[in-house]
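Thanks for coming. I will go through one structure today, starting with a chain overview and then moving to charged side chains.

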Amino acid sequence: MARLLAFKAVIIFNVLFSVCTDLAYCNNGRRGGDPLETEVSGFSVPLEHSFELDDVAKFQSRGSLLLKTGREPSVSLAQNQLSEEDRAKLKEVAAVDGLYRIRVPRVFLQADRQTEWQMEGYLTAFVRACAMVESHLSDVITLHTDVSGYLIGVSIVTLPGACRGTEVEDEVDLEVFNTTLSIMAPVNAPGPETALFLERMEQESEKKGKNPQEQKSFFAKYWYLILGGAIFLMLTNSAQPPAGGGREQS
Amino acid sequence: MAKLILLLLELCIIFCVVHAVFEDQVGKFDWRQQYVGKVRFSHFDTQMQSSKKVLVATESNVFAALNSRTGELFWRHVDKAGPEGNIDALLHHAQDAILVVGNGRVLRSWDVNIGGLNWEVLLDSGSFRSASLVGQQGTVKHVAVLKKAFISVHYLSNGHQKWVENLPDSETVDYQTVYSGGNGQVFVLGVVPHSHITIVVYSMEDGEIIKQVSVEAPWLSNIPASCVVVGQGILMCADSTTMSLNTLDLHQQTQMTQIPLQSLGLEADPDFHPSLMSHQPNAAQKPLSEFFLQLGPERYLLLQLNNGQIVTLRDFNPALLASFATTGEKTVAAVMSPKNKTACSINLFSADTGRRLLDTTLIFTVDPNGGKPEKLHVQAFLKKDDSVGYRVMVQTEDQTLTFIQQPGRVMWTREEALSDVVTMEMVDLPLTGTQAELEGEFGKKAAIQDGLFSMVLKRLSSQLIMLQAWIAHLWKLFYDARKPRSQVKNDISIDNLSRDEFNLQKMMVMVTSSGKLFGIDSKTGAILWKHYLDNIPSNAAFKLMVQRTTAHFPHPPQCTLLIKDKDTGRATLHVFNPIFGRRSQVTPPALPQPILQSLMLPLMDQDYAKVLLLVDDQYKVSAFPSTKNVLQQLQETASSIFFFLVDSSQGRLSGYRLRTDLSTEQVWEVVIPTEVQKIVFVKGKRPNEHVHSQGRVMGDRSVLYKYLNPNLLAVVTESTDMHQERSFIGILLIDGVTGRIIHEAVQRKARGPVHVVHSENWVVYEYWSTKSRRKEFSVIELYEGMELYNSTVFSSLDRPHAPQVLQQSYIFPSSISTMEATLTEKGITSRHILIGLPSGGILSLPKMFLDPRRPEIITEQSREENLIPYAPELIIRTEWFINYNQSVSRVRGIYTAPSGLESTCLVVAYGLDIYQTRVYPSKQFDVLKDDYDYMLISSVLFALFFATMISKRLAEVKLLNRAWR
C-alpha cells in the first residue's frame, strides 16, 4: 500500500510540475516610467490598453511585461498609473457601457536571439469598462502559450466581474492597477492509466493468493450444493415418468 | 475480495442498461435504405430472357445488381472509398462481370447471379488506360488490360495471365485504347499528341507483335474521346477543327481518309465538338457498321459506313440522348427526343435501316423538381411475335434512376443522390386541420378583430369539426380492424401529414452534395418531396437552418439553406418550406460579397422567423429577414451580439461585436502559429440543447456544480510535425464571447483524425495514440466547484473564476467514423454517445463510462455516487449496437433530434446508406411497455372499486344495526 501511495504522490507531483504556472503579483505601478533592464534571458514587451467613447481602439501604453524566456517562462509587470484625464475617460466609457481592451504583441518565448522573439500582430482581449471601474482596477491577466512557447492568447477578467452600477466616488481607487499576472502553458492531457490499473489488479490477485478460502476451486467450495442439486434432479426425474405414463394410460 | 467482485457485478447490473431489440421489434421503429451512388457503368444481364438484373458500377466505388422489376438491391459490394477503390472499367460477358479497380491495381471477376467473387488478380503497377474483352472464333475467353507501358491478357475462367507484353516506345507514345474484332488479333492504339497514331497489332496466341504502323494525325490527341471502331475494323475519328470524319482501315491502310461533313450535306455547330458512338454487340464479333454522330447538344445522326462511303440513315433533330441495344440478332437504336416541357418521348429505330419500329413510343415524364436526362440505358428483348420490346433506365442530372416500361409506366425510381447526404435537419410535422382550427381560434389576431358572438360561433364550429374528425377516426379504426393486417396500408402522403401524439414522426430534410433536397418521413422512410437545385458549384458547402418551426400557425415553417462556393466564398440562399419542399414566397437577399460566417439569433421578427445574420468579407453584417422590426431589435441588442471567425490557414480566431449600425468591431484575437499546429475543428454546443440539472450530487450530499457555458468553443488542433514522437493534438476551450482561453491541453504522441463531441459541461474526443498504436478516448469535464458564482443567469462577461477541469482517457478497441451525442427534449434522460464504426455498426456508449470522476480506488463515497470504478479499456458490448444487423455502410454523420417523449431520442445515421431509429438512453421510463397488462390492472381496479362499494354498504348496515342495538 505504501508503494502505491508513493506512486500516487509522484504522479501528483508530476501533474503539479507540468502545470507550470508562475504567478507574479505586481503592484509596483508607482515606480512606473523607470527604464527596464532587459536581461540576457528575458525581454520586455509593451502592454497596451484602450478605452474610447466611440469604441474605436486607440491603444496606449499601460506598462511593460518582462518576460523570462527559457524552459519555464515567467513574467512580471511594471505599469504606469492612470492619469487624471484617463480616469475621467474610463468613468465616462464605463457609463456608456464601453469596452476596456488590452493588447500584447505576439512573441516567441523560446527564442535564443532577440531578433527571433518578435512576431507580427497582436493578441487582444477585452473586459467591460464598468467592471474595470467597479473592481477598482483589480484585474487578472493571463498569458497563454502553446507547446513550443509561442504566445497564443491573452485574457483579462476583473475581480469582482459584475457591473452593478455602484458609483466609484474615490478617484484614488482608480489610480493604481492591482494586477494578478500569470503565464500558462498547456497542460499535458493524461493517457489511459494502464499501469495503475494493472498494479491494482495484481494486488487483488495477491490478496486472493493470501486468502486460502479463495484458493479453493469452485467444486471444492460448493460440492454440497451441487450434490444436493444433482440428487434433487434425480429424484424429480425418477418421479416424473410414472406420472406421465399414468396419464397416457387413462 | 469476493465483496469487491460482487460489488462490481452489482454495479454492472445497475448500470448496464440493455438496449437490445427483441426479434419482433425489428423494423418497427427503424428503417434502413441502401444506395449505390451515381452510376458510372451499367449493364443489363441479357443472358436469359427472364433475367431481372441490372449491373451497376458507381462513382462511390460500389458494384451492385439491381432488380429491374422493383429497383431493390440483389447484392452490393462496397469497395474502399477514394481512388484506391475507384472502378475503372466494367466488362460483362455471360455470367461474369469483370471489374478493373483502383487505377488498374486489381482485376476481379464476379458471378452475376449470386454476386460471389470468382477470382481476383493483382496487376502489375502502372496507370490504367483501357480494358476490353477479346473474342476468338466466336467465343470470348480472354480479357485484355492496357496499362501505360504494357498490355496483359488474362483468362476469363480463372484470371491467370496468358501473356504480358511491353508496349514499344511507351515513353513517347500514349497508348489509350485496346480493340479486338474477334479474329485472333488485339489492336492497341496509341497517340503521340499532335503528330501521329501508333497501331500495334498483337497475336492473340502468344502476344507476338504482328504489325506496327504509325499514321499521320496531327489533329488528334485523345482517341477514346474522338474515335470509335466501326464495321470491319475501321477507325472513325471526328475532327472538330476541320469538321470532318476521318477513316482508317486498321487492317490495311496507313493513311487516313478525310470525309468533310459538308460533303455529307451536314452542318455542325461551330462550338460543338462532334462525338461518335458505335456498338459492338459481342466481343467475338465485329462492331456494327452503323454508328451515331452527335452534331450538337440536341442533334444526333444515325450513319452507316458502306464500302468506305458514309450514308445518312436518319437525322434526329431534336434528340436529347441516343443509345444502341441488342437482343438476339437484332440491334436497335433508342432515341430520346423532347416532346414538351414536361415530357420526353423515346422511340426505337432499326439500326440497319433507320426505320422507326411501330408501337415503340415510350413517354418519359420529366420531374419539374428533378434534373435533365443524362444517360439512357436500354434493355431490349424479343417479344413472342419476334418483335422487339424494350425497357429503359434513364439517369438524370440529379442522380435519379428511373426505370420505365412501355408505354411510360414508371416501374421504380432510385434517388441515388441520397448516397451522399451532406447535412440534415428534423422538422416537426404540422398540426392536423382540426388542431390548426383550434389554434387559429385562439390566435391573437383573430381575437382582436372579432366580437363576442362570432367567437362563440367559432368555438362551436370548431368543436363540431373536432367531433366529426373523432367519429371519422373511430370509423376508420373499426373499418380497419375487420381487414387482415397485411391489407391495412398507412399511406403517407403530403396531404395527410400530421404530428403524432408524442411527436415521434418528423420530417427529415436532407441536403445532398448534388444539390438535391429531400423531405423524408422519419417513420417510414418514404420520400415525400424532392427539389433539385441546379447550378450548385461542385465544391459547395451547405448549411441548413430552421428559421421558423411549425409552432407558429398560420405562418408556414421556413428553412434556409446557405450554399457557399468554397473557393470564391460567394453564397446564395434558398428559402423553402420544409414540409412541402416548395420555395418560399420570401425573396432571399442577394449576397454580392463573399460570406465569412452566418449565425442564427434567438431574436424573431413579427412573423416569428428567427433572424439570420450573415457576415461578409468586409465585416459588414446583413440580416435576413431585414424588416424594420428586426433592424430595430438588432439595434437594441447589438451590444450583446458577439460572434467569432476562424481562419484556419492563418491560425487566427477572432471575436467581433455587433454595432448598432450593423458594422462590427473586433474585440479579441487569439493566434495559434501555423508553423506548430493547425486548427482542424472548432465545435460549439448545439443551440437546442437543454441541461436539466445544474450540478452533480456527490457522495457526501454536497453538490458539484457544472460549468455550463453556452458560448464555449472546443478548438482542436493537430501538430504539423507528423513524427510519431513529436506529434500531438491540442485541445483549447475558448469562450466565444470574450476569447478567454478556459483550458488548454495537449495530448502528446497523438495524431488525428480526431472526432469531437461537445455538449453540456463536457468534451469527448477520440484520437490515434502513436505511442501505443491504438485509438483512445479522452473526456474533459468542467465544474464550477462547490459554489455557483451566479446561479440565475450565465454571462461570459461575468465569470471571473476559471472552472475546475477534470480529464480522463480510455482505450477504445475500434477506430470510428463519426460521433454524436443523444439529445432529448428536457435533458433529464442520461446521455449516450453514438459512435459510427467503420464496420457499419452504430454503438450507443453510455456517457457514464466516459466520466473523469471514475475512481481508481473505490471508496464509500464513490459507491454512493454510483461511479463505475476506472478501467482503462472501454469494452464494446454487442448489445450496445443499436442497429443490430442493419449495417450502415461508410457512415459519415449521425443526426440526433429530441422527440416529444423525454425518454426517446431520434437518430439518423447517414453515409452510403441511411438508417433511422430511436434510442432510449435511460430506457422508456415514460412509456408503458407493449406487453403491459391492461386487463389485469383494470380488473384489479374494478375489483377494488366494487370491494369498496360492498364493504361500504356492509359497514353502513353494521352501523345501523349497532345503532338499533
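**Chain A, then the charges**

Chain A has an accessible surface of about 14400 Å², and carbon and sulfur atoms hold 57% of that area. Before going on, please keep in mind that this is a predicted model. Chain A has 250 residues, and 39% of them are buried. Its secondary structure consists of 7 helices and 10 strands. If you take the contacts in chain A with a separation of 6 or more, 70% of them are between residues 24 or more positions apart.

Now the salt bridges. How many does a search of the whole structure find over all chains? The number is 40.

Glu52(A) and Lys58(A) form a salt bridge through their side chains, at 3.8 Å from N to O. Glu52(A) has a relative accessible area of 10%, so it counts as buried, the cut-off being under 20%.

Next, a pair with Glu665(B) on one side and Arg101(A) on the other: their side chains make a salt bridge of 2.8 Å, N to O. This pair joins two chains, because Glu665(B) sits in strand β46 (residues 664-671) of chain B while Arg101(A) sits in strand β5 (residues 99-107) of chain A. Are these two buried or exposed? Glu665(B) is buried, at 5% relative accessible area, and Arg101(A) is buried, also at 5%.

The side chains of Lys706(B) and Glu760(B) are joined by a salt bridge of 3.2 Å, N to O. Distant parts of the chain are linked here: Lys706(B) belongs to strand β49 (residues 703-706), Glu760(B) to the loop between β53 (750-759) and β54 (762-769), and the two are 54 residues apart. Lys706(B) is buried, with a relative accessible area of 10%, and Glu760(B) is buried with 8%.

The network is in chain B as well: Arg696(B), Glu781(B), Lys847(B), Asp851(B), Arg853(B) and Glu865(B) are connected by salt bridges that share partners.

Last, the surface. A patch of negative charge there gathers Glu59(B), Glu374(B), Glu397(B) and Asp534(B). Of these, Glu397(B) is in the loop between β31 (388-396) and β32 (400-405) of chain B. Glu397(B) counts as partly exposed because its relative accessibility is 31%.

How values were computed. Residues are numbered from 1 along each chain as its sequence is written. Chains are lettered from A and ligands numbered from 1 in the order in which they are written. This is a predicted model: local features need pLDDT of at least 70, side-chain atom pairs count only at pLDDT 80 or more; totals for chains, interfaces and linings use all residues. Side-chain values use heavy atoms; hydrogens and water are left out. Patches are made of residues with over 30% relative accessible area and no salt bridge: like charges are joined within 9 Å, nonpolar side chains (Val, Leu, Ile, Met, Phe, Trp, Tyr) within 5 Å. Accessible areas come from the Shrake-Rupley method with a 1.4 Å probe; for residues, only the protein chains shown count as cover. A salt bridge is a side-chain nitrogen of Lys or Arg within 4 Å of a carboxyl oxygen of Asp or Glu. Lys and Arg count as positive and Asp and Glu as negative; His and the chain ends are not counted. The place of a charge is taken as NZ of Lys, CZ of Arg, CG of Asp or CD of Glu. Helices (H or I, at least four residues) and strands (E, at least two) are DSSP runs, numbered from the N terminus. Buried means under 20% relative accessible area, exposed over 50%, partly exposed in between (1.4 Å probe, protein chains only). Contact means heavy atoms within 4.5 Å.
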